[in-house]
Amino acid sequence: SAIFNFQSLLTVILLLICTCAYIRSLAPSLLDKNKTGLLGIFWKCARIGNRKSPYVAVCCVVMAFSILFVQ
């Protein structure tokens, strides 16, 4: 149902990026061996989380503010 609601879709994508970056920081070999294919999506999300971490953090704060106070 997150596909039909844009804010829910953004929340799921943001949580996926944060989760993949955290998993890669704990066990890098788990995501680094799957750089292509369907599991490559998780590797790409981890790369986005690592390289764009200030922007991802700002997006997390904005999303939290939006969920807590706007809805």
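Modeller: Let's start with helix H1, whose buried residues are Thr11, Leu14, Ile17, Cys20, Ala21 and Arg24. Here, buried means under 20% relative accessible area, exposed means over 50%, and partly exposed is in between, using a 1.4 Å probe and protein chains only. Helices are DSSP runs of H or I with at least four residues, strands are runs of E with at least two, and both are numbered from the N terminus. Please keep in mind that this is a predicted model, where local features need pLDDT of at least 70 and side-chain atom pairs count only at pLDDT 80 or more, while totals for chains, interfaces and linings use all residues. Residues are numbered from 1 along each chain as its sequence is written, and side-chain values use heavy atoms, with hydrogens and water left out.

H1 has 21 residues, which should span 30 Å at 1.5 Å a residue, and its end C-alpha atoms are 31 Å apart, in agreement with that. The expected span is 1.5 Å times one less than the number of residues. Leu9 is partly exposed, at 30% relative accessible area. Leu9 sits 30 residues from Leu39 in sequence, and their C-alpha atoms are 19 Å apart in space.

What covers the buried residues of H1? The cover includes H2, H3 and H4. Let's look at H3 next. H1 (residues 6-26) and H3 (residues 40-51) pack at an angle of about 90°, and their axes are 7 Å apart. The two helices are therefore roughly perpendicular to each other. On the H1 side, the contact (heavy atoms within 4.5 Å) is made by Leu16, Ile17, Cys20, Ala21 and Arg24. On the H3 side, Phe42, Cys45, Ala46, Arg47, Ile48, Gly49 and Asn50 take part. Sorted by kind, the residues of this contact are eight nonpolar, two polar and two charged.

H3 has buried residues as well: Gly40, Trp43, Cys45, Ala46 and Gly49. These pack against H1, H4 and helix H2 (28-32). The length of H3 also agrees with expectation, since its twelve residues should span 16 Å and its end C-alpha atoms are 16 Å apart.

Now turn to H4, which also covers H1. H4 (residues 53-70) has 18 residues and reaches 25 Å from its first C-alpha to its last, close to the expected 26 Å. Its buried residues are Val56, Met63 and Ser66. Seen down the axis of H4, they fall within an arc of 85°, so they line one face of the helix. Turned away from the buried side is a face with the exposed residues Pro54, Val58, Val61, Leu68 and Phe69.

Met63 is buried, with a relative accessible area of 14%. Leaving out residues up to four places away in sequence, Met63 touches Gln7, Leu10, Thr11 and Leu14. Thr11 and Leu14 were among the buried residues of H1. For comparison, take Thr19, which is 44 residues from Met63 in sequence and 16 Å from it in space, C-alpha to C-alpha. Ser66, at 18% relative accessibility, also counts as buried. With neighbours within four places left aside, Ser66 is in contact with Gln7 and Gln71.

Ser53 is also in H4. Ser53 is partly exposed, with a relative accessible area of 37%. Although Ser53 and Cys18 are 35 residues apart along the chain, their C-alpha atoms are separated by 8.9 Å.

Finally, step back to the whole chain. Its secondary structure comes to four helices and zero strands, in the pattern α-α-α-α along the sequence. The C-alpha trace spans about 40 × 25 × 15 Å along its principal axes. Of the 71 residues, 21% are buried. Among contacts between residues at least 6 apart in sequence, 56% join residues at least 24 apart.

Definitions and conventions:
Axes are lines fitted to C-alpha atoms, for helices over the stretch in contact, and angles run from 0 to 180 degrees between N-to-C directions. Angles under 35 degrees count as roughly parallel, over 145 as roughly antiparallel, 65 to 115 as roughly perpendicular and the rest as oblique. Ala, Val, Leu, Ile, Met, Phe, Trp, Tyr, Cys and Pro count as nonpolar, Asp, Glu, Lys and Arg as charged, and the others, Gly among them, as polar. The arc is that of the directions from the helix axis to the C-beta atoms.
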